[in-house]
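Dear colleague,

A summary of the findings follows it.

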Amino acid sequence: MKFLVHQERFMATHHPLTRVMRSVTRTASFSSSLAKREGGVSMVQGASRGIGLEFVKQLLEKDDKGHVVATCRNPSGAKGLYDLQNKFAERLSILPLDVTDESTIEESAKSISEKYGCLNLLINASGILSIPDVLQPETTLSKHMWPLLKIGGGSGTERDVAVIANLSARVGSIGDNHLGGWHSYRASKTALNQLTKTISVELARKKDPIACILLHPGTVDTDLSRPFQRNVAKDKLFTKEFSAQKLLHIIKNVKSGDNGKFFAWDGQEIPW
């Protein structure tokens, strides 16, 4: 299905907001010894229109001393920002920043560091929901494999449903995140979890005999995990054979009521 391809692409790249946060964090840490501007310095990323522009407006109006840095992909077309700059010339800076181009993020961070020394607030407000004649919010799934799955559980299983099993990871759980780190990988698996949950809702609504589940295989001795195995206890590093056996046991016993659930290799449910 299309979403699996998208998820793999997402995993292979850093999320744009992660790059923004990383650059701005470096700016703040490099400049911690510099004096803070009176009233503080706020940055709104994605500020050309909509709620981003409104954030800029209210930050300027509600604090007569605070400074605001407004960034967007195409400042020359951001009339609303320039209207505000005419009114708050001394307190508003407008910078180009395209979240798909890391060099613009680095340049913005450098400019903020040189002019202000630090940031006290960062608001990420950019986002795309639709592009006319290009992109619209999906209301249903691509169905290339869908008709083939409407055959029930199959012989030799305990199932009354066909199964879509998406390989996720415990690090994708928001409720189970106590360590932080691995930002892009965590976010990609969380996105996969949300997509799977949404699929499960559609399956239930259509009353198709299909259950869509998520599986956490544990830490498996593969090329993917090999660079990160140093601190993994021996009894927590699984062979491919062990993990696959455990996951197939879960799949074999899936019931219709398991649609939309997230299981670890040992059959325990993982919180979202």
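I begin with aspartate 176, which is partly exposed at a relative accessible area of 25%. Buried means under 20% relative accessible area, exposed over 50%, and partly exposed in between, with a 1.4 Å probe and protein chains only. Please note that this is a predicted model, in which local features need pLDDT of at least 70 and side-chain atom pairs count only at pLDDT 80 or more, while totals for chains, interfaces and linings use all residues. Residues are numbered from 1 along each chain as its sequence is written, and side-chain values use heavy atoms, with hydrogens and water left out.

Salt bridges

Side chains of opposite charge can pair when their charged atoms come close. The structure holds eight salt bridges, a salt bridge being a side-chain nitrogen of Lys or Arg within 4 Å of a carboxyl oxygen of Asp or Glu. In one of them, aspartate 176 meets arginine 170, at 3.9 Å from N to O. Arginine 170 is partly exposed as well, with 31% relative accessibility.

Another salt bridge joins glutamate 202 to lysine 206, where the closest N and O atoms are 4.0 Å apart. These two residues are four apart in helix H7 and therefore separated by about one helical turn. Helices (H or I, at least four residues) and strands (E, at least two) are DSSP runs, numbered from the N terminus. Glutamate 202 is buried, at 6% relative accessibility, whereas lysine 206 is partly exposed, at 37%.

Aspartate 258 and lysine 261 also form a salt bridge, with 3.6 Å between the closest N and O atoms. Here aspartate 258 is buried, with a relative accessible area of 14%, and lysine 261 is partly exposed, at 26%.

A pocket is found on a 1 Å grid over the protein atoms alone, as an open set of points where a 1.4 Å probe fits, with protein on both sides within 12 Å along at least five of seven lines; lining residues have an atom within 4 Å of a point. The lining of the second largest pocket comprises 37 residues, and those nearest its centre are Val171, Trp182, His216, Gly218 and Thr219. Helix H1 (2–12), helix H7 (183–206), strand E7 (219–220) and helix H8 (240–252) each give two or more residues to this lining. H7 gives the most, with four residues.

Two positive phi angles

Most residues other than glycine have a negative phi. Tryptophan 182, which is not a glycine, has a positive phi of about 50 degrees. Tryptophan 182 lies in the loop between strand E5 (162–167) and H7, and is partly exposed at 47% relative accessibility. Lysine 207 likewise has a positive phi, of about 60 degrees. The loop that holds lysine 207 runs between H7 and strand E6 (210–216), and lysine 207 is exposed, at 71% relative accessibility.

The largest nonpolar core

The largest nonpolar core has 14 residues, and Val56 is among those with the most contacts inside it. Such a core is a set of buried Ala, Val, Leu, Ile, Met, Phe, Trp, Tyr and Cys residues joined through side-chain atoms within 4.5 Å. Helix H3 (50–62), strand E2 (67–72), helix H4 (79–87) and strand E3 (92–96) each supply at least two residues of this core. The largest share, three residues, comes from E2.
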